[in-house]
Amino acid sequence: MFAVTNPATGREESRYATATDAEIEQILASSETAARELAGSELDRRCAALGRIAELHDERRDELAMLVTTEVGKPIRQARGELGLVASIYRYYAERSTQFLADDEITTGAGGSAVVRKVPVGPLLGIMPWNFPYYQAARFAAPNLAAGNTIVLKPAPQCPSSALAQDAIIRQALSESGLPVDGFQTVLAGNEQIATMIADPRVRGVSLTGSERAGAAVAAIAGRHLKKVVLELGGSDPFVVLDAADLDRVVKRAVHARLANAGQACNAAKRFIVLDDLYDEFVDRFATAMGRIEPGDPTLDSTFLGPLSSKDARDTLADQVDRAVAQGARVLTGGRRTDGPGYGYRPTVLTGVTAEMDVFNQELFGPVAVVHRATDEDDAVALANATPFGLGASVHSDDPERAARVADRLDAGMVSINESGGSSADLPFGGVKRSGFGRELGSYGISEFVNHKLVRTAPAR
């Protein structure tokens with residue numbers, strides 16, 4: 001059962017039945033049939049469909065945004081912002097896929113000629129999270145529909161309404177462009193059914209965005225059946241402050257980096273590493289600024305911080321904070337649930353966290369920041385890299401050479417200088433270590449699930 005519980009009120013809004021095994025079989029069969037047709041279609045037509053998908057997301061932005069606000073408590077302005085990013089991703093691949101999918105000519109010393117063609121591999125399974133349900137789907141669907149692969153998308157249990165609304169948009173665009181509507185299908189499946197789908201020979205690749213546990217389980221099944229996977233997993237991104245002529249500006253950036261989407265983003269800044277000479281002043285201003293943020297009604301344009309996505313999410317975060325305090329960490333502000341209905345948690349700043357504490361190596365998926373003091377650049381880099389995760393990182397400094405030097409030493413898939421996280425259609429997204437592997441977005445994202453097929457013509461004899 002896929003149930004929507006409004007995290008702002010705690011009330012159940014709707015329920016959707018889990019797909020039957022017979023329905024899943026029909027989805028896989030039709031996806032395979034559609035894959036043959038989509039692979040043989042003209043690239044211009046596929047690009048036109050992506051452009052139409054972008055238009056429909058723009059036209060229905062308010063309706064789609066409210067679905068996500070109801071499902072996971074995302075503040076409505078941030079939900080609209082997510083949809084703007086989604087439209088930009090579909091437009092990007094609509095405009096650039098002809099370039100990205102062009103043959104690569106190879107000059108070979110063996111004589112004759114050779115090209116590498118990017119050929120679609122067939123049906124793909126996408127297992128999506130709840131925190132950015134439209135954006136995460138677009139990162140996966142846009143480049144792969146352009147490449148000629150078909151998509152079967154499994155949404156998070158909290159997000160059936162938004163998933164089905166998105167499904168209707170994409171299928172409408174495919175139909176209007178003369179492409180098979182079953183090029184994109186949504187399946188409300190359980191974990192055992194997903195395992196069966198991964199093992200099915202008709203599924204040629206799997207992409208998952210989610211937890212380490214889910215990633216390990218999916219990778220294990222896919223590996224047994226020799227399926228390629230792309231995994232975007234957790235993160236504990238460091239926000240490294242080296243110097244600041246305008247500290248208030250850096251603090252404002254830090255607050256936004258920690259509290260956007262209630263801190264529920266894999267690539268959100270979670271650990272703030274500040275050099276010794278700035279530490280005390282940064283901590284004072286940061287804790288004050290965090291403490292001023294009041295969680296509110298996510299349906300209001302004025303609300304910046306909404307509830308966490310579920311009771312389990314809120315309670316897990318609270319347990320992590322309570323255990324950190326029991327082990328010796330200090331709470332400077334927050335550290336408690338909000339009053340009233342819903343699953344809110346107050347913005348929290350922790351200091352005194354050491355490597356011996358459980359929270360040092362955990363991902364805090366909510367509005368909780370850990371601030372570390374670093375003695376110098378070397379110490380800051382060591383602290384930043386002292387995590388099993390390696391998704392993103394950011395470096396903040398008025399000295400471009402210093403920032404670049406430290407950025408080069410950080411063990412992460414993505415490093416930003418003087419900004420934190422963020423995303424753009426043309427920037428590759430992905431991590432290293434326990435944050436996963438593979439890349440989405442940009443030219444890299446369209447290359448993950450294509451057959452780079454060599455066609456060589458021998459020299460004339």
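Reader: How does the lining of the largest pocket divide by class?
Author: This lining has 19 nonpolar, twelve polar and five charged residues. Nonpolar here means Ala, Val, Leu, Ile, Met, Phe, Trp, Tyr, Cys and Pro, charged means Asp, Glu, Lys and Arg, and the others, Gly among them, count as polar. The model is predicted: local features need pLDDT of at least 70, side-chain atom pairs count only at pLDDT 80 or more, and totals for chains, interfaces and linings use all residues. Residues are numbered from 1 along each chain as its sequence is written, and side-chain values use heavy atoms, with hydrogens and water left out.

Reader: What volume does the largest pocket have?
Author: About 1,200 Å³, taken as the space filled by probe spheres set on grid points joined across faces, edges and corners. A pocket is an open set of points on a 1 Å grid over the protein atoms alone, where a 1.4 Å probe fits, with protein on both sides within 12 Å along at least five of seven lines; lining residues have an atom within 4 Å of a point.

Reader: Other topic. Is threonine 333 buried or exposed?
Author: Threonine 333 counts as buried because its relative accessibility is 17%, and buried means under 20% relative accessible area (1.4 Å probe, protein chains only).

Reader: What does threonine 333 touch?
Author: Ala287, Met290, Gly291, Pro347, Thr348 and Val349, leaving out residues up to four places away in sequence. Contact means heavy atoms within 4.5 Å.

Key: Buried < 20%, exposed > 50% of the residue type's maximum accessible area, 1.4 Å probe, protein only.
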